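My entries follow in the order in which I made them.

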Amino acid sequence: MPHPYVLLSAAVSLDGYLDDTGPERLLLSGPADFDRVDEVRASVDAILVGAGTLRADNPRLLVNSPERRAARLAEGRTEYPLKVTVSGSGELDPAARFWHTGGEKVLYTTDEGAERARVLGIAADVVPLGAELDWRRLLEHLHAARGVRRLMVEGGGLIHTQLITQGLADELQLAVAPLFVGDPEAPRLFGPGAYQGGRLRLTGTRQVGDVVLMRYEPTAPGTGPLPSAADHHWLALACELAALCPPSGTAFSVGAVVVAADGTELARGHSREGGDPVVHAEEAALAKADPTDPRLATATVYSSLEPCARRASRPASCVRLILDAGVRRVVTAWREPDTFVEGADGSGVLESGGATVVMLPEL
Ligand SMILES: NC(=O)c1ccc[n+]([C@@H]2O[C@H](COP(=O)([O-])OP(=O)(O)OC[C@H]3O[C@@H](n4cnc5c(N)ncnc54)[C@H](OP(=O)(O)O)[C@@H]3O)[C@@H](O)[C@H]2O)c1
């Protein structure tokens, strides 16, 4: 089930805090950065914050610029993005500004929390997600029931930590402010957790007044059948690589990338690469990886088309090459149609060989 694109947004002090412990919200950004955040808000379908942030800051979470709101309306969108909050307990202040400003609101909660929210008279669409709150279900619901395609998450730390450790964040926009908090009781941007092992991808930096905006993309593949946001990014790269293939009337144009579990790219390739008229994308990529690399056993192969199970042009199919390399996870966008080979079923053969195949047909 598709999810919205999830953009985490936060401002932090130089020592990594989101706030201090005083009664007022600590203003980390300056006017230029607040305006940048307003611009991002105006660009998304929904804004989400945790119940902790509602209780601590009593925010309105509006698009403040009348011009940006008018532009949204002119594009046929709602004046304000949908406001979304998350609470397990349902223990929320019904008079909070969040409920009484802007457009529509949704509260995702547990069955118990929904009961409490009804008793309190929370002015929102209350969606119970069962005994516990499951982030994948929440994101699927926002996509399917509310049409949310871009979701901005504005904290706090507990929410950011869960979304990043569960591989559900597509992007992190971090504004680093030139001040210190220095209070160990203050909330941190990221708490303890099972984070991805390797490095995130830096996709941009910009000075905004006296803060620096940094944009990062998580890189770690998902595990087993559960796709991560990074799976989408890597598969999108494989699809882009397919565009590099010399055209052919008798074979598909395919791109492939091999990625270690910590998000390190091990190799990439595309069909008919390097003047070889019959080389396949997965074959070209795997030929560049070191066959003794122990990371292959936990790596993921991304291929824009499912790997071939049978071929006339070479002794080994790509499914065989993948399984022989020790790779046990493949992410692909498209089952091979019968155009050149009937009943190819590379996914079925991979699964019989002990590999997990994840289909992302939206790509
Ligand atoms: N600098 C910035 O950019 C920025 C942005 C936002 C917030 N902040 C700061 O961050 C602080 C608040 O952060 P926080 O970490 O304390 O709170 P938070 O992340 O905003 O919210 C945490 C609350 O969300 C609910 N929740 C989260 N995950 C859940 C799950 N899996 N299941 C059920 N409920 C779940 C729980 O609500 P219940 O307790 O109701 O069950 C939990 O207590 C404030 O000081 C605020 O000023 C700073």
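I started with Asn-58, which counts as partly exposed because it has 13 C-beta neighbours inside 10 Å. For burial I used C-beta atoms placed from the backbone: 20 or more others within 10 Å is buried, 12 or fewer is exposed, and in between is partly exposed. This is a predicted model, in which local features need pLDDT of at least 70 and side-chain atom pairs count only at pLDDT 80 or more, while totals for chains, interfaces and linings use all residues. Residues are numbered from 1 along each chain as its sequence is written.

Asn-58 is not a glycine, yet its phi is positive, near 45 degrees. I found Asn-58 in the loop between helix 2 and helix 3 (66–74). Helices (H or I, at least four residues) and strands (E, at least two) are DSSP runs, numbered from the N terminus.

Next I checked Arg-272, another non-glycine residue with a positive phi, near 55 degrees. Arg-272 sits in the loop between strand 11 and helix 9 (281–288). Arg-272 counts as buried because it has 20 C-beta neighbours inside 10 Å. I noted for reference that most residues other than glycine have a negative phi, and most peptide bonds are trans.

I then looked at the peptide bond between Gly-155 and Gly-156, which is cis, with omega about 0 degrees. Gly-156 belongs to the loop between strand 6 (150–153) and helix 7.

Which residues come nearest to the ligand? Of the 27 around it, they are Gly-50, Gly-52, Gly-88, Gly-155 and Gly-156; near means a C-beta atom, placed from the backbone, within 6 Å. Strand 1, strand 2 (46–50), helix 2 (51–57), strand 3 (82–87) and helix 7 (157–165) each give two or more residues to this shell. Helix 2 supplies the largest share, 5 residues. I sorted the shell into 12 nonpolar, 10 polar and 5 charged residues, with Ala, Val, Leu, Ile, Met, Phe, Trp, Tyr, Cys and Pro as nonpolar, Asp, Glu, Lys and Arg as charged, and the others, Gly among them, as polar.

Strand 1 and strand 6 are parallel, with 4 bridges, and Val-6 has Leu-151 in strand 6 as its bridge partner. Strand 7 (residues 171–176) runs antiparallel to strand 9 (residues 211–217) over 5 bridges, with Gln-173 opposite Arg-215. Strand 8 (residues 201–208) is antiparallel to strand 9 over 7 bridges. Strand 8 and strand 9 form a hairpin with 2 residues between them, and Gly-209 in the turn has a positive phi of about 60 degrees.

My last entry is on helix 8 (residues 229–242). At 1.5 Å a residue its 14 residues should span 20 Å, and the end C-alpha atoms are 21 Å apart, which agrees; the expected span is 1.5 Å times one less than the number of residues. Its buried residues include Asp-231, His-232 and Trp-234.

Definitions and conventions:
Two strands pair if DSSP finds at least two bridges between them.
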